[in-house]
Amino acid sequence: MNGREAAVGPGAMRRRWKTGAIFAGALVAAAGLFTAAAGLWAAPDPPAGGSAAAPAPTHAPPSPSAARPASGPSAPAPLTVYFLEVGHGDATVITTPGGRCVVIDAAGGRVGGEAVLSLLRRKGIKRIDTLVMSHADSDHIGGMPDILRSGIEVGEFLDPGYPHTTQLYARVLKAVKDRPGTRYRTAKAGDLLDWGKELTVRVVNPFPNPKNSNDSSIVIQLHYGRVAFLFTGDAGSRVERKMVARSGGGLRSQVLKVAHHGSKSSSSAPFLRCVRPEIAVVSTNSASADGPYKETIDRLRAVGAKVYQTGRYGMITVESDGKGYRLAKEREPEKREAPVPAPVAAAHP
Ligand SMILES: [Zn+2]
């Protein structure tokens, strides 16, 4: 964990941050989770010659206290986005500067529910303000019954409203219905979501009558100051074309949750040219630098994105102060790639 060279920040704030070790050390001390970090943070008022006074990252729980300055009157809590490592599936937890918590998807089965609940416990989070179901496939909602029955408060549940017919989806809807304190609502392209006055949150998919569950995915663009995140669910190239037609360069986002676990049928080149991500997080069980599909990874790299697979780096955490952002990985990949298994025929001649 040396202070490796930092990556870049967005737009005019793009500059190298030389104190990666400070950030990494603070993270380890504060959270006990991070073994490696590449930091990039545009300090609100950067001192000359470095950023030793950059705000220390905080992982304060999004209780009302989280909205208070973390280390002084000029250091509000950051926006923090956790992309959990949940194998093949999605689970993203967002804590906002205003002290709210949003969960997008809960991966598959017990693993997904426990992964989300465990993170919330570690952060002292007692309430999910918004639980977003990007779409009803099992690798996104498997953990939701456990979350909804865990006793944690859930303010609202967001559903794309696609008529999915699985028993699992029915169980999720029943679990929502069994909680009178949880508001059920659907989302569609063009909606604005209220996640706090410091954020602008826009729904960019689904459009009417999606052809399948993946294309019904709720796609959300979140702006905090100059920094934007795009959460894509499993949206495919068909609806990417619609998003491009409707929003074009408005899709520009520094941090992209890559659609459909890096599938070849998503992350089309025209879409990526509009988004122009600097950071691309792939929620996958693949530990390969080019995994799970080299074509997709190549398309991401072609637009300048650095790619982080959760199966390779563990949980990916991105924090932003609204002017820049910085990223922490849970681990570095193994030094030596795992040997390719010998073909069965060769192993049993
Ligand atoms: Zn999926």
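Modeller: A residue is buried if 20 or more other C-beta atoms lie within 10 Å of its own, exposed if 12 or fewer, and partly exposed in between, with C-beta atoms placed from the backbone. The model is predicted: local features need pLDDT of at least 70, side-chain atom pairs count only at pLDDT 80 or more, and totals for chains, interfaces and linings use all residues. Residues are numbered from 1 along each chain as its sequence is written.

Biologist: Is H260 buried or exposed?

Modeller: H260 lies in the loop between β12 (255-257) and α7 (269-275); helices (H or I, at least four residues) and strands (E, at least two) are DSSP runs numbered from the N terminus. Its phi is positive, about 50°, although H260 is not a glycine. Because H260 has 24 C-beta neighbours inside 10 Å, it counts as buried.

Biologist: Which strands stand at the edges of the open sheet of seven strands?

Modeller: Two strands pair if DSSP finds at least two bridges between them. The order is β8-β9-β10-β11-β12-β13-β14, with mixed pairing. Each edge strand has a single partner, so one side of each is left without a neighbour in the sheet; these strands are β8 (192-193) and β14 (306-309).

Biologist: Which residue in β11 is the bridge partner of L222?

Modeller: Strands β10 (residues 219-224) and β11 (residues 227-231) pair in the antiparallel sense over five bridges. The partner of L222 in β11 is F229.

Biologist: What is omega for the cis peptide bond that joins N205 and P206?

Modeller: P206 lies in the loop between β9 (199-205) and β10. For the cis bond between N205 and P206, omega is about 15°.
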